[in-house]
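Here are my notes on the model, as numbered points. Please read them with the structure open.

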Amino acid sequence: KAWETSVNYNTDFAYGGSRGFQPGSTFKPLALVGWLQEKNGLNQVVDATRREFKPESWTASCVDGRVTQDKYNPFNAEGGNSGPITVLNATALSVNSAYIAMVNQMDLCTVFEAAEALGVHRATGEPIDVMPANVLGSQEVAPLSMAAAYAAFAAEGEYCTPIAITKVIDADGKELEVPSANCHQAISKDVANAVTYALQRVLTQGSASSVGGLPGRPSAGKTGTTNANWHTWFVGYTPQMSTAVWVGHSEGNIPMQSVTINGRWFRNVYGSSVAAPTWKRFMTGAHDGKKVKGFPDINSRMLYGPQATVPNVIGKSESEARSILGKAGFTVGSKIEKEYSDSVEKGKISSQSYGAGSRIAKGSIITLKVSKGPEPDPCEGWDGKGKSPKGCDLPDGPDDDDGPGKKKRDRGRDWGNPRDDD
C-alpha cells in the first residue's frame, strides 16, 4: 500500500534492510571526543578560514599511506563563520571549516576510534572509513546508532548496545534471559561531560537556538545537514533519554530545496528546520511526568585545555615570530596586517593580540601586525597653496602666508579660538 514499507529505516541493514543515511554534522561530536582525548579544550581557538588542505597535511597512524589523494576544502552548510573561533562556538554554530582545522591538527584515527567505541559504524556493518570528509558525516549510518552514541554522552561515557527486548516471560511465568546490552565505560566521564556542555549550546546559542531546548529541563543535541540538503538530522538527549530524528528521502539523495513540508515552504531544509522541532515535540511528551535531572559539571581542564605562556615577539621579523610562537604551542593568524609605529622599525612585528606573559589555551591563534614605520606627516612637502593633501585639512579661514600645518590668522583673529564678541 502507499506509504507502507517493510524496511526499518531506524536500524542497520542486518535488522531492517536499510543502508542508513549520511549523518552530516551530527557526526561532529565524535570528532570532538577525539579532540578532547588528545588533551585539547573547548575554549581553544582554531582558524576557521576556508582553505585547501593538501593530502600530505593529514596524520592517520592507523592507515598505510595517505588518507586522501585530493585537496580538501569543505563549505559551511550551517555555520558560515570564518577566522578565529573557539571549538565551543564552532560546535554550537556547526562550522565545518573549524572542525576540519581541528582534525588537521590531530591523528585522524582518534576520531574514528572514538566513533567505533561509541558504536557508530556504517549501516551495512563496516567501520567508517578514515577520511577527512567523514568527519563531516559523509558515510551512511543508522539513526539508532546515532541515538545510542549520544545516549553514552548522557550516561557520562557509558555505552550500551541497543536491544529491542527488555523482558521475556514464558507460559509458566518464568522470566527468560534476554540479550545483554553489554554496558561499559566507552569514553571517560570528563570527556563525555565536556561534549554535553558543548552540545547544550547548540540549543541555546547555536544552530538550533531558534528551536530551543526542552521546556523546564536541561537538554543537549546537534543538528546535521548534508550536501545539497539531502539529509537533515537532529540527535539530542536529556540525562534520561536520547533520540535521533532524520528527515529526508529514503529512495535516494534528493535535495530538499524549494520544498513545501506540512504546508510550510522552505528554500533550504536544515537540521533545525524540521528535524529539531520534531525532536522537541516528541521529547517533551516523552518526558511528561519524569523527574527533572541536570547534567554533570564540566571539568575545567576540558573547558580551557592546556595553558601556555605567550612569548614577546615585538620587534621580531615575521618568520622569527612565527617560529617562536609555534614552539610555544600557538598558531599565528593567517592574515597579518600592517600598521604605522613610531617605536618599531619597518618590517618588524609591532603588535600581538595577546600580550607577552599572558596565560592562554595552547593552540590559540595569535594575530600579529607588522610595522610600516612612523606615520608620515601629511603636510610634509606642501607649500600651503591649492588644495590640501588628505589628512592635512586646516581650520576654515582666509589663506595667509603662515605655511602648512599652522593656524590661519585673519588680522589678529585666531580661527582656533573665537573672539569675545563672537
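1. Helix 2 is the place to start: Lys28, Pro29, Leu30, Ala31, Leu32, Val33, Gly34, Trp35 and Leu36 in this helix are buried, where buried means under 20% relative accessible area, exposed over 50%, and partly exposed in between (1.4 Å probe, protein chains only). Because 9 of the 10 residues of helix 2 are buried, the helix is largely enclosed by the rest of the structure. Helices here are DSSP runs of H or I with at least four residues, strands are runs of E with at least two, and both are numbered from the N terminus. After helix 2 comes Lys39, which has a positive phi, near 65 degrees.

2. On provenance: this is a predicted model, in which local features need pLDDT of at least 70 and side-chain atom pairs count only at pLDDT 80 or more, while totals for chains, interfaces and linings use all residues. Residues are numbered from 1 along each chain as its sequence is written, and side-chain values use heavy atoms, with hydrogens and water left out.

3. How do helix 2 and helix 4 cross? Their axes, for residues 28–37 and residues 96–104, come within 10 Å and cross at roughly 35 degrees. Axes are lines fitted to C-alpha atoms, for helices over the stretch in contact, and angles run from 0 to 180 degrees between N-to-C directions. The crossing of helix 2 and helix 4 is left-handed, that is, the near helix is turned anticlockwise from the far one by less than a right angle (clockwise would be right-handed).

4. In the contact itself, Lys28, Ala31, Leu32 and Trp35 of helix 2 meet Asn96, Tyr99, Met102 and Val103 of helix 4; contact means heavy atoms within 4.5 Å. The residues of this contact of helix 2 with helix 4 comprise 6 nonpolar, 1 polar and 1 charged. In this scheme Ala, Val, Leu, Ile, Met, Phe, Trp, Tyr, Cys and Pro count as nonpolar, Asp, Glu, Lys and Arg as charged, and the others, Gly among them, as polar.

5. Salt bridges come to 4, counting a side-chain nitrogen of Lys or Arg within 4 Å of a carboxyl oxygen of Asp or Glu. One of them joins Lys71 and Glu52, with the closest N and O atoms 3.6 Å apart. Lys71 and Glu52 both lie in the loop between strand 1 (45–47) and strand 2 (84–86), so the pair ties together parts that are 19 residues apart in sequence. Lys71 counts as exposed, at 51% relative accessibility.

6. Arg66 and Glu56 also form a salt bridge through their side chains (4.0 Å, N to O). Arg66 lies in the loop between strand 1 and strand 2, as does Glu56, so this pair ties together parts that are 10 residues apart in sequence. Arg66 is partly exposed, with a relative accessible area of 48%, and Glu56 is partly exposed, with 48%.

7. A further salt bridge links Glu140 to Arg122, the closest N and O atoms being 3.6 Å apart. Glu140 and Arg122 are 18 residues apart, and each is in the loop between helix 5 (108–117) and helix 6 (143–154). Glu140 is partly exposed at a relative accessible area of 25%; Arg122 is partly exposed at 23%.

8. Which strands make up the open sheet of 3 strands? The order is 14-18-15, with mixed pairing; two strands pair if DSSP finds at least two bridges between them. Strand 14 (337–339) and strand 15 (349–352) are at the edges with a single partner strand each, so one side of each is left without a neighbour in the sheet. Neighbouring strands of this sheet are turned by 35 degrees against each other on average, direction ignored. Strand 14 pairs with strand 18 (residues 368–371) in the parallel sense over 3 bridges, and Lys338 stands opposite Val370 in strand 18.

9. Strand 7 (residues 220–225) is mostly covered, with 6 of its 6 residues buried. Ala220, Lys222 and Gly224 are buried on one side, and Gly221, Thr223 and Thr225 on the other. Strand 7 pairs with strand 8 (residues 231–237) in the antiparallel sense over 6 bridges, with Lys222 opposite Val235 in strand 8. The hairpin of strand 7 and strand 8 has 5 residues between the strands, and Ala228 there takes a positive phi near 60 degrees.

10. Thr243 is in strand 9 (residues 242–248) and counts as buried at 12% relative accessibility. Leaving out residues up to four places away in sequence, Thr243 touches Ala147, Phe234, Val235, Gly236, Trp279, Phe282 and Met283.
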